[in-house]
Amino acid sequence: MQNNKVILPMKTIGIIGGGQLGRMMAIAAKYMGYQIAVLDPTPNCPAAQVADQQITAAYDDMDGIQKLTDISDVITYEFENVDLDAAAYIEQKDKLPQGAYALEITQNREKEKSVMGDAGLPVPANKIVRDSDMCASALENMPLPAVIKTVSGGYDGKGQLKINTTDDMKAACEFADQHDVSIIEQWVPFDREISVVFTRGQSGEITFFPISANEHKDHILYKTTVPASISAAVQQKALDAAGILAEKMNIAGTFAIEMFVKGDDIYLNEMAPRPHNSGHYTIEACNLSQFEQHIRAICGLPLMPIELLRPAVTVNILGDDAGTALNMLPEMQHGFLHLYGKEAVKPKRKMGHITFIADTLDEAKKQLAVYEEAKQ
Ligand code: AMP
């Protein structure tokens with residue numbers, strides 16, 4: 001960590017995880033002339049389709065990890081659930097500028113909340129519970145609605161249950177018994193959700209992408225709008241919080257922090273130590289994408305100053321919506337379509353996204369409305 005070793009194009013970047021984030025990292029790196037090796041258990045996974053080579057192995061397969069480390073000059077990861085022994089091994093070989101610490105913290109909501117709390121940053125009121133008794137007593141002291149989440153392993157709404165009324169308490173307590181450790185959080189009646197996506201270089205310099213407003217459906221990101229309509233006070237609080245956490249986490253690379261906004265207050269929700277779904281708009285709407293800046297950071301290149309070129313709206317293509325997007329394409333004048341090359345279509349699976357950019361946000365939203373109407 002913080003070795004500031006420069007890895008120049010033609011060298012090999014190893015990516016752990018071959019999903020869409022790995023694919024978009026690989027595409028950005030290929031533009032610059034890097035070689036890409038990806039480790040993923042699924043043959044021909046989205047990132048492997050654009051990489052030079054794939055090591056087909058489980059994420060915690062130490063033989064595979066060793067092989068990836070041997071053939072790569074630097075290694076990055078596209079998700080936070082990287083095996084911690086694997087990360088420690090690569091870090092010890094001085095090839096993991098993002099670091100293993102950020103993984104340890106973001107893999108576990110309990111640790112994540114305590115890092116945020118220790119830094120004096122606002123988080124929703126919460127309580128750690130290990131079984132139904134603890135759950136019942138936590139709920140006695142927490143006004144509803146609330147939400148119970150597994151502390152590890154959940155993503156895209158998996159591993160969480162909203163507790164709207166006392167009728168949901170029984171299910172919440174069963175949930176607590178079914179999982180080793182859970183966290184119960186106060187539900188924040190937010191005005192909007194935002195995320196701060198930024199990149200930190202290996203010497204500690206930071207560039208921020210414009211803050212986006214995010215809409216979720218069923219706990220999965222559906223839509224991202226940039227610029228977010230937030231007050232100057234919220235913007236400052238959000239950037240300050242991100243700066244504090246970036247330093248605390250001592251990370252390098254692109255990083256995202258999701259927050260709830262209520263009035264002029266922010267509440268931190270989650271961190272992701274990697275490029276983020278809410279930063280996909282940067283590919284077309286900024287002078288440099290979150291993926292390119294990430295590659296620059298992990299390769300020890302100077303970060304480029306970031307500008308928003310045009311307002312943007314990005315919509316995720318989930319499950320069967322991929323068919324709608326394809327059907328519309330011959331008539332769709334606007335919108336940058338990205339499909340991730342996933343063979344199996346599953347309900348709610350992130351199959352791709354479309355970014356609409358225009359001179360005004362209203363115009364970009366009108367372009368999106370055409371797609372949304374066709375989807376009905
Ligand atoms: P998470 O997996 O924690 O990011 O949760 C996914 C989504 O569920 C968030 O982006 C919110 O839309 C919603 N959510 C989760 N926790 C809360 C909370 N404490 N208050 C309000 N909304 C929440």
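Which helix supplies the largest share of the lining of the second largest pocket? In this predicted model, that share comes from α1, with 5 residues. At least two lining residues are supplied by each of α1 (20-32), α10 (290-298) and β16 (336-339). By class, the lining of the second largest pocket consists of 8 nonpolar, 2 polar and 2 charged residues.

Two of the elements that line this pocket, α1 and α10, also pack against each other, at an angle of about 70 degrees and with their axes 8 Å apart. Angles of 65 to 115 degrees count as roughly perpendicular, and α1 and α10 are therefore roughly perpendicular to each other. Their crossing is right-handed. On the side of α1, the residues in contact are Leu21, Met24, Met25, Ala28, Ala29 and Met32; on the side of α10, they are Phe291, Glu292, His294, Ile295 and Arg296. This contact of α1 with α10 comprises 8 nonpolar, 1 polar and 2 charged residues.

The crossing in which α2 passes α3 is right-handed. Met62, Ile65, Gln66 and Thr69 of α2 make the contact with Asp85, Ala86, Tyr89 and Ile90 of α3. In this contact of α2 with α3, 5 residues are nonpolar, 2 are polar and 1 is charged.

Helix α6 (residues 132-140) and helix α7 (residues 169-178) also pack together: their axes come within 8 Å and cross at roughly 140 degrees. The helices α6 and α7 are therefore oblique to each other, and their crossing is right-handed. The contact involves Ser132, Cys135, Ala136 and Leu139 of α6, and Met169, Ala172, Cys173, Ala176 and Asp177 of α7. Its residues, in the contact of α6 with α7, divide into 7 nonpolar, 1 polar and 1 charged.

Most peptide bonds are trans, and most residues other than glycine have a negative phi. A cis peptide bond is found between leucine 144 and proline 145, with omega about 0 degrees. Proline 145 is located in the loop between α6 and β6 (146-150). Another cis peptide bond joins valine 226 to proline 227, where omega is about 0 degrees. The loop that holds proline 227 lies between β12 (220-226) and α8 (232-249). Methionine 10 is not a glycine, yet methionine 10 has a positive phi of about 90 degrees. This residue, methionine 10, is placed in the segment before β1 (12-16).

Note on methods:
Residues are numbered from 1 along each chain as its sequence is written. This is a predicted model: local features need pLDDT of at least 70, side-chain atom pairs count only at pLDDT 80 or more; totals for chains, interfaces and linings use all residues. Side-chain values use heavy atoms; hydrogens and water are left out. A crossing is left-handed if the near helix is turned anticlockwise from the far one by less than a right angle, and right-handed if clockwise. Helices (H or I, at least four residues) and strands (E, at least two) are DSSP runs, numbered from the N terminus. Contact means heavy atoms within 4.5 Å. Ala, Val, Leu, Ile, Met, Phe, Trp, Tyr, Cys and Pro count as nonpolar, Asp, Glu, Lys and Arg as charged, and the others, Gly among them, as polar. Axes are lines fitted to C-alpha atoms, for helices over the stretch in contact, and angles run from 0 to 180 degrees between N-to-C directions. Angles under 35 degrees count as roughly parallel, over 145 as roughly antiparallel, 65 to 115 as roughly perpendicular and the rest as oblique.
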